[in-house]
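Subject: Structure handover

Hello,

Here is the structure you are taking over. My notes follow below it.

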Amino acid sequence: MKIAIIGTGYVGLVSGACFAEMGTKVVCVDIDQKKIADLCQGKIPIYEPGLEEMVIRNHKAERLQFTTELKSILDDVEIIFCAVGTPPDEDGSTDLSYVLEVAKNIGSHINNYVLVVNKSTVPVGTAELVRKKIQEQLDRRGVEIAFDVASNPEFLKEGAAVKDFMSPDRVVVGVDSEKAKSLMSRLYRPFLLNNFRVIFMDIPSAEMTKYAANAMLATRISFMNEVANLCEIIGADVNMVRKGIGADARIGSKFLYPGCGYGGSCFPKDIKSLIKTAELIGYNMHLLKSVEEVNDRQKMILFKRLKEYFKGDLKNKKIALWGLAFKPDTDDMREAPSLVIIDQILEAGGYITAYDPVAIEEAKRRLGDSISYATDIYDTAIDADAILVVTEWKEFRLPSWNVLKKLMKTPVIFDGRNIYEKSDLKDHGFEYFCIGR
C-alpha cells in the first residue's frame, strides 16, 4: 500500500514516519520547499523524542519520501491524509482554508479512486465540506471519478507522539462506505499486533470524538486548579486530595495534577473551536467557557504571587525562569504559560533570564532579545531575586540547592508544577511557594 500525507507539521511528519516504520510506502507533501529539502537531508523541523531517527531510517530505506509536487504522486496512492494546519480565527472558530485548499487540489488532479482522510483537527461537518470541494473540481473538469472521505483524528501527546502512534489507546476512524472501511482496516492491520482497538464509527462522531476528548482532559486540569486554589485558602493539601480522588476507579489518577495552566497546540484551540461550533447552532457551552476562564486565570497565578511577595514592586528585579515550553519533551511554546508570565514580568519592570532544555531557539524566535537566555538552571540563578518553575522538565527535579542559594540574591522559589517538597526547601534556607499546598 502507498499513501500520501499532505502537511509535514507535527501530525503529518509523525504519522508519515510511523506508517513507514510499519512497512507502508509513504510520500509526505508540503508546499514549503526549504522544509522538504531539509527533511530529505535528515533535518527535522520539530523536537520529538525518537522522531529524527525514525525519519532518517525510513527515508534511507525508501519507504518515506518527501516532495512539494502533489500532482505527481496522486496516481500512485490509494489514501491521501490531510494533515495541514487548522489555526483559530480571531473569533475562536477553526480556519479551514488550508484543508479546503488541499481538497481543491485533490479534485483538480486525481485520475483514479482515492480515499481522502482528514487527520487535521476539524469541526464536525468538515468532511462534507471537503467532499463538496472535491466534487466541485471534478464537475468543473467534467469527469466522473469515485472517491471517499473519512475522518481519522489524531490523539498524540507531544513528547510521546511516536510511542502513542505505534502503541495507541485506540484509533478512531469515521467512514461512510465499506470501501473506505476496508482500506483503513488494511492500513492499520500491521498495528493490530500491538493489541489496540480500531474503533469505526460515522464521520461526524469521529470528528466530535477528538474535540470531546481534549475538552474532557482540559476540564480535569481546570477542575484540579480550582480545587488547588481552594485548598490553599482552607488549609488542605491538594496532593493528598488528588491521591484520594484518583484512587476512585471512576475518576482515575491521570490529568489531576494542578499547576500554572495548560497550553499547547491542542487544548486551547480545540476548546475555543468547540465553544464556537456550539454557538453557531445556538447552544451555549457553559462548562467549557468556565474551563477556559479558569485556565486563563491560572496562567497568572505565579506572577500574582511573585508580585505579592515583592509587595507590588518588581522594577529591576531579576527573575529566573525555568521552562519555556508548554510541557516537557517538546519545544512547542504555543499558548504556553511562560509567555503570559514573561509579558507580565516585563510589563511590571522586571527582567528575565530563562532556561529550557530544548525550547531556547523557539523562544528566541518568538521573544527575540526581550529576555536573556541561560545555558543551564544555575546560570539563570546568578543574582536572581526569585526562581519561577514553569515547565516540569526532569532535569529540574534534583538541583543543588546549596549552589543555588549561593548564586541567588533572594532564595525564594515559586513552583508552578509542584515538583518539590516544602520541607526540603526550608531545610536549605529557601522560601517556597507552590500550587494548592
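Which residue in E10 is the bridge partner of lysine 318? The partner is tyrosine 351.

First, the ground rules. This is a predicted model, so local features need pLDDT of at least 70 and side-chain atom pairs count only at pLDDT 80 or more, while totals for chains, interfaces and linings use all residues. Residues are numbered from 1 along each chain as its sequence is written, and side-chain values use heavy atoms, with hydrogens and water left out.

The sheet

Helices (H or I, at least four residues) and strands (E, at least two) are DSSP runs, numbered from the N terminus. Two strands pair if DSSP finds at least two bridges between them. An open sheet has 6 strands, in the order E11-E10-E9-E12-E13-E14. The pairing is parallel.

Strand E9 (residues 318-322) runs parallel to strand E10 (residues 351-355), and 5 bridges join them. Helix H13 (residues 337-347) packs on this sheet and touches E9, E10 and E12. Contact means heavy atoms within 4.5 Å. The direction of H13 makes about 155 degrees with that of E10. Axes are lines fitted to C-alpha atoms, for helices over the stretch in contact, and angles run from 0 to 180 degrees between N-to-C directions.

Helix H12 (residues 301-309) lies across E9, E12 (386-389), E13 (412-415) and E14. H12 runs at about 155 degrees to E13.

E12 and E13 run parallel, joined by 3 bridges. Leucine 388 stands opposite phenylalanine 414 in E13. E13 is covered on both faces. Val412 and Phe414 are buried on one side, Ile413 and Asp415 on the other. Buried means under 20% relative accessible area, exposed over 50%, partly exposed in between (1.4 Å probe, protein chains only).

A buried loop residue

Threonine 24 sits in the loop between H1 and strand E2 (25-29). Why does threonine 24 count as buried? Because its relative accessibility is 7%. Leaving aside residues up to four places away in sequence, threonine 24 touches Met1, Ile3, Phe19, Arg63 and Leu187.

Pocket and cavities

On a 1 Å grid over the protein atoms alone, a cavity is a set of points where a 1.4 Å probe fits but cannot get out; a pocket is an open set with protein on both sides within 12 Å along at least five of seven lines; lining residues have an atom within 4 Å of a point. Grid points are joined across faces, edges and corners, and a volume is the space filled by probe spheres set on the points.

The second largest pocket has a volume of about 1,500 Å³. Of its 49 lining residues, Gly9, Val84, Gly85, Thr86 and Arg334 are the closest to its centre. H4 (97-109) gives the most to this lining, with 5 residues.

There are 2 cavities of 30 Å³ or more. Among the residues that line the largest cavity are Asn118, Ser151, Glu207 and Lys210.

The second largest cavity holds about 30 Å³. Its lining includes Cys82, Val99, Ile106 and Asn118. H4 supplies the largest share, 4 residues.

Best wishes
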